Amino acid sequence: MNLRELLKMALINIKGSKMRSLLTTLGIMIGIAAVIAVVAIGEGGRSALNTEVEKFGTNIFVIYVREELRPGDFQMIDVEVIKSAVPQVKYLAPQNNLSVKVRGPRKEINLGLTGTTSELADIRNIEMKSGRFINEDDQVNSRNVIVLEEDAARELFGTADPLGQQVSIEGDGALVVGVVRKVESKLDEGGSKTAYVPLSFTSHMRGIEMIYYLYGSATDKTAVDEAMNSSVKVLERRHQNPKHYSCESMQGNLRQINQILDIIGLIISSIAGISLLVGGIGVMNIMLVSVSDRTREIGIRMALGARRRDILIQFLVEAIVLCLIGGLLGTIIGYSGAFAVAKIADWPPLVSWKTIGLAFGFSTAVGLIFGVYPANRAARLDPIEALRRD
Amino acid sequence: MIKIEHLQKEYISGSIQVLALQGVSFTVETGQFVSIMGASGSGKSTLMNLLGLLDSPSQGSYCLDGIETSTLDEVGRARVRNQKIGFVFQAFNLLPRLSALENVELPMIYAGVKPAARREKALAALERLGLEDRFRHRPSELSGGQNQRVAIARALVNEPALILADEPTGALDTRNSEEIMEVFQELNRQGATIVLVTHEPDIARCSGRILRLSDGLLIADEAVQPPAAETRSLMPRADIREAVL
């Protein structure tokens with residue numbers, strides 16, 4: 001009997017008792033649906049997260065102080081020293097944040113003012129809409145210049161071109177030199193509008209140089225840990241203050257999230273595994289019933305020239321086809337579920353061929369494992385006894 | 001064709017040994033139509049199972065179409081069943097979920113015949129039995145006589161050396177029995193070798209030779225006198241009986 005014949009026979013017999021077959025495959029269906037959904041949602045979520053993170057720049061890290069920040073914990077000179085001492089650091093920018101009121105020609109708004117240097121643009125992948133970002137000259141000469149984020153610019157200037165215009169930051173005038181695009185991201189808490197000024201400008205405004213943290217990016221994905229840890233060591237040495245500084249990387253956070261996703265996946269996968277196990281036992285049970293129902297058929301087939309092997313394979317194929325049908329339905333259900341979740345969460349539903357292959361592999365394996373016993377029982381029937389059975 | 005020597009079969013039923021066949025020998029030539037008769041417990045079913053290679057003998061030899069079968073293993077027996085023997089059963093034993101055509105194709109599937117050739121041969125066999133307009137029907141949609149003809153078509157389709165019929169009219173009414181026996185006689189005239197197991201003398205008389213079994217032994221081997229028209233019909237016999245009474 002070739003495969004075509006075997007599949008045809010299996011389908012005839014499965015179609016012969018549709019309800020029974022459907023109920024039998026339920027366990028397999030649920031198991032496979034769970035696997036597909038978990039993998040698809042997990043992969044989709046992961047890829048969404050990665051895309052979001054890359055919007056903020058790759059290989060980013062941040063260095064901050066563990067407890068209370070004191071003046072002088074970070075100095076401009078630290079930035080230079082770290083950059084020359086740690087080759088893995090590609091860019092490093094000091095940063096502080098002030099909440100200020102800014103007045104433009106249209107109105108006065110609250111802004112989160114970020115005092116920094118030109119390198120932040122490289123670290124954070126800041127994209128200019130018009131004009132330029134703050135540069136080294138601005139910093140060295142403490143120029144009163146400001147770079148607005150596009151929505152802040154719109155509120156302050158309306159449709160008018162803000163470049164070359166003046167705004168007033170709590171009484172200090174500042175020249176608008178650039179407008180940057182806003183990064184649309186689900187990870188951004190949103191809310192406050194942002195503008196960038198040279199760090200030296202904020203020092204001038206507040207009368208003291210305050211750096212809250214250092215933002216950096218590493219030369220390479222694999223160098224992030226090395227870059228930030230070495231930087232922390234440099235700071236500790238320079239300030240003779242061990243354990244005062246700490247660091248974090250986007251990758252580290254991502255790693256943690258991925259670990260949590262892995263654990264969730266593992267839990268659901270074990271539930272899916274149990275479901276497959278129970279489903280497999282169901283398939284075995286129904287195949288045993290089928291063998292006993294069709295004992296006479298087995299006898300007839302043997303009389304007509306079927307070898308024991310032919311009978312074994314026939315019932316094995318039937319069990320596998322049963323499981324594959326369950327697997328197929330499960331894949332459809334699982335994919336639909338993943339698609340719905342992806343639609344709601346707005347990330348790509350990722351069902352790779354690998355996942356589908358996995359589902360069908362699992363179905364086949366379950367059919368094979370739980371089909372062997374009933375099929376073997378069928379094959380070992382005595383043809384005379386089998387023909388005598390009603 | 002068939003050469004049987006000292007065929008013995010023992011069963012162990014519980015702790016008791018039962019000798020169902022106690023050494024049976026006979027020969028059937030190609031083209032013969034032989035009936036095996038006997039009461040229940042006579043060993044005729046055991047002999048039938050041995051002739052059909054559904055079972056293997058405890059002792060003795062069984063040579064079918066030049067093949068010594070008593071030493072064959074399971075795979076070898078399956079092959080001989082497939083190639084050399086066509087079974088016709090009392091209960092038709094068609095597969096209920098398959099059409100007449102698919103049922104007839106079944107032995108050829110196990111013989112590895114290609115689908116197109118299979119279909120062609122199965123159709124030819126059904127046509128030979130006058131079922132050319134019934135090949136799509138399932139067994140449940142056919143009468144008993146038609147089902148038995150499908151079963152005969154299935155038995156013929158691999159061109160076996162031996163047609164082995166086990167009470168083939170047992171589930172049929174008189175008219176259908178008659179028809180089926182005519183089919184067997186016609187097949188025999190065309191050259192088929194047929195061994196038929198029955199307990200009905202009227203049926204046995206349709207064949208050319210009757211072997212009688214009792215208690216596992218062959219007790220008689222007699223030729224049937226061919227009384228021309230009469231053996232071909234069962235109905236007149238009933239009429240005669242009525243007339244006598």
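Helices and strands are DSSP runs, of at least four residues for helices and at least two for strands, numbered from the N terminus. The legends below describe close-up views of a predicted model.

**Figure 1. Overall dimensions and composition of chain B.** Chain B contains eight helices and 10 strands. Its radius of gyration is 18 Å, close to the 18 Å that the globule rule gives for 245 residues, so chain B is as compact as a globular protein of that length. Taken along the principal axes, the box filled by the C-alpha atoms of chain B is roughly 55 × 50 × 35 Å. Of the 245 residues in chain B, 47% are buried. Among the contacts in chain B with a separation of 6 or more, 69% involve residues 24 or more positions apart.

Figure 2. Strand S4 (residues 59–64) of chain B is joined to S5(B) by two bridges, and the two strands run antiparallel. Glu68(B), in S5(B), is the bridge partner of Cys63(B).

**Figure 3. The side of chain B that touches chain A.** Contacts between the chains involve 19 residues of chain B and 16 residues of chain A. Helix H2 (74–84) and helix H3 (100–111) of chain B each supply at least two residues of the side of chain B that touches chain A. The largest share of that side, six residues, comes from H2(B). By class, the side of chain B that touches chain A has 10 nonpolar, four polar and five charged residues.

**Figure 4. The nonpolar cores.** The largest nonpolar core comprises 122 residues. Those with the most contacts inside this core are Ile36(A), Val283(A), Ala319(A), Leu126(B) and Ala153(B). A second, separate core of 52 residues includes Ile82(A), Ile169(A), Val176(A) and Tyr245(A).

**Figure 5. Strands S1 and S10 of chain A.** Strand S1 (residues 60–65) of chain A and S10(A) run antiparallel and are joined by five bridges. Within this pair, Val62(A) stands opposite Glu248(A) in S10(A). In a regular strand the side chains alternate between the two faces of the sheet.

Figure 6. Leu312(A) lies in helix H11 (residues 308–345) of chain A. With 20 other C-beta atoms within 10 Å, Leu312(A) is buried, because a residue counts as buried if 20 or more such atoms lie within that distance. Not counting residues up to four places away in sequence, Leu312(A) touches Ala375(A), Asn376(A), Ala378(A) and Ala379(A). The C-alpha atoms of Leu312(A) and Met19(A), 293 residues apart along the chain, are separated by 24 Å.

Notes:
Residues are numbered from 1 along each chain as its sequence is written. Chains are lettered from A and ligands numbered from 1 in the order in which they are written. This is a predicted model: local features need pLDDT of at least 70, side-chain atom pairs count only at pLDDT 80 or more; totals for chains, interfaces and linings use all residues. Two strands pair if DSSP finds at least two bridges between them. A nonpolar core is a set of buried Ala, Val, Leu, Ile, Met, Phe, Trp, Tyr and Cys residues joined through C-beta atoms within 7 Å. A residue is buried if 20 or more other C-beta atoms lie within 10 Å of its own, exposed if 12 or fewer, and partly exposed in between; C-beta atoms are placed from the backbone. Two residues are in contact if their C-beta atoms, placed from the backbone, lie within 7 Å. Ala, Val, Leu, Ile, Met, Phe, Trp, Tyr, Cys and Pro count as nonpolar, Asp, Glu, Lys and Arg as charged, and the others, Gly among them, as polar. The radius of gyration is taken over C-alpha atoms; the globule rule is 2.2 Å times the number of residues to the power 0.38.
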